[in-house]
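Dear colleague,

Please find the structure below, together with its sequence. My notes on what was found in it follow directly.

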Amino acid sequence: MNITRRRGAIALSITLGAILVGVTVYLNISYIILHEGRVLSLIFGIILFGILVAGVVLNTVFLVREVRRNERQDSFLNAVTHELKTPIASIRLYLETLQRRDVPEAQRQDFYKIMLADSDRLLGTVEMVLKAGELGARRRENRTLLELAPLVTDCIAITLQRHHLPVDAIRLTPIPLGVRLHVRVIPEDLRTAVLNLLDNAVKYSPNGVHVLCSIAIVRYTQLAFTITDNGLGLAPDQLKRIFKRFYRVLGRNEVKIKGTGLGLFLVRTIARQHGGDIAATSPGPNLGTTITLTLPLASPAESQSATNSKS
């Protein structure tokens, strides 16, 4: 019902804008006919006409954008509400069961594991919302020289455990022996970005998780972290929109994807704050997606110094 109402509001805004432009054109043509031969009046009328048309078009564009922004915010609130209520309800149910019944020890331990997983999910949602506000107002912080591969390996292990996946579900292409690639970053933020990318690849692979990660140098001065999945894929018009705040790609064929619409927005914000960027490519719907996070590569001297200090 809300979607239909918003589409109606967008259609009404565009229709009114077109009508106003048409009326303005009619009045301007009438003005030109009435003042034919008066050069100054014609120039004044044409300038006024241009201003009026530009104003009407801009007003229509702003109205449509506002309606769409409100739609994304409503979707975000619904998603966050669901992400908060579901684990709370689950934890409460298991606690009530433990309180009212004499549960065998093995089943009790299973309940504890489920409640811990739900509490992690709840904490993750809260941290993501807080991080979205924190990144927008954060001042420049001192950054640390960090080797990317160990951090990615650690994040892969966390994701496999979090989603109860087999070891080969997410793989990192081996880096040549002796090659250590460093970036200067805020470690906590980069960890958040990598975990969000991995979590996103898992969520949008409902028919089986097969994710391939790689780290490579591009254009000599940048480090690219690439994640490729075989999931739902993206339409061409979604390749840039997925990084906007609150935007969510809805699952097809009645596949419901959990999320708040903040994950990829956070990744893009973190990447740009570190002088990098992020981009997505996809052959099309149901054909998988490749997301590439690029960051400035630390200089060879810095990398060598970091390697020597560890050894």
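Thr-159 touches Ile-170, Leu-195, Leu-198 and Val-202 when residues up to four places away in sequence are left out; contact here means heavy atoms within 4.5 Å. Thr-159 is found in helix 4, and with a relative accessibility of 2% it counts as buried. The classes are buried for under 20% relative accessible area, exposed for over 50%, and partly exposed in between, with a 1.4 Å probe and protein chains only. Helices (H or I, at least four residues) and strands (E, at least two) are DSSP runs, numbered from the N terminus.

Please note that this is a predicted model: local features need pLDDT of at least 70, side-chain atom pairs count only at pLDDT 80 or more, and totals for chains, interfaces and linings use all residues. Residues are numbered from 1 along each chain as its sequence is written, and side-chain values use heavy atoms, with hydrogens and water left out.

Ile-170, one of the partners of Thr-159, is also in contact with Ile-156, Leu-160, Leu-165, Leu-198, Val-202, Val-209, Val-211 and Cys-213, leaving aside its neighbours within four places in sequence. The largest nonpolar core has 45 residues, and Ile-170, Leu-190, Leu-197 and Phe-225 have the most contacts inside it. Such a core is a set of buried Ala, Val, Leu, Ile, Met, Phe, Trp, Tyr and Cys residues joined through side-chain atoms within 4.5 Å. Among the elements that each supply at least two residues of this core are helix 4 (148–162), helix 5, helix 6, strand 4 (211–218) and strand 5 (222–229). Helix 5 gives the most to this core, with eight residues.

A search of the whole structure finds one aromatic pair. Tyr-94 and Phe-111 form this pair, which is tilted, at 4.7 Å centre to centre and with 50 degrees between the planes. Tyr-94 lies in helix 2 (residues 39–100) and Phe-111 in helix 3 (residues 105–137), so the pair ties together parts that are 17 residues apart in sequence. For this term, rings of Phe, Tyr and Trp (its six-membered ring) pair if their centres lie within 6.5 Å; planes under 30 degrees apart count as stacked, over 60 as edge-to-face and the rest as tilted. Both Tyr-94 and Phe-111 are buried.

Helix 5 (residues 187–203) also packs against helix 6 (residues 263–273): their axes come within 9 Å and cross at roughly 145 degrees. Axes are lines fitted to C-alpha atoms, for helices over the stretch in contact, and angles run from 0 to 180 degrees between N-to-C directions. Among the residues that meet are Leu-190, Ala-193 and Leu-197 in helix 5, and Leu-264, Val-267 and Ile-270 in helix 6. Helix 6 is mostly covered, with eight of its 11 residues buried. Just after helix 6, Gly-275 takes a positive phi of about 80 degrees.

Gly-22, in helix 1 (residues 2–34), is partly exposed, with a relative accessible area of 37%.

As for the chain overall, its secondary structure comes to seven helices and seven strands. Buried residues make up 38% of its 311 residues.

Yours sincerely
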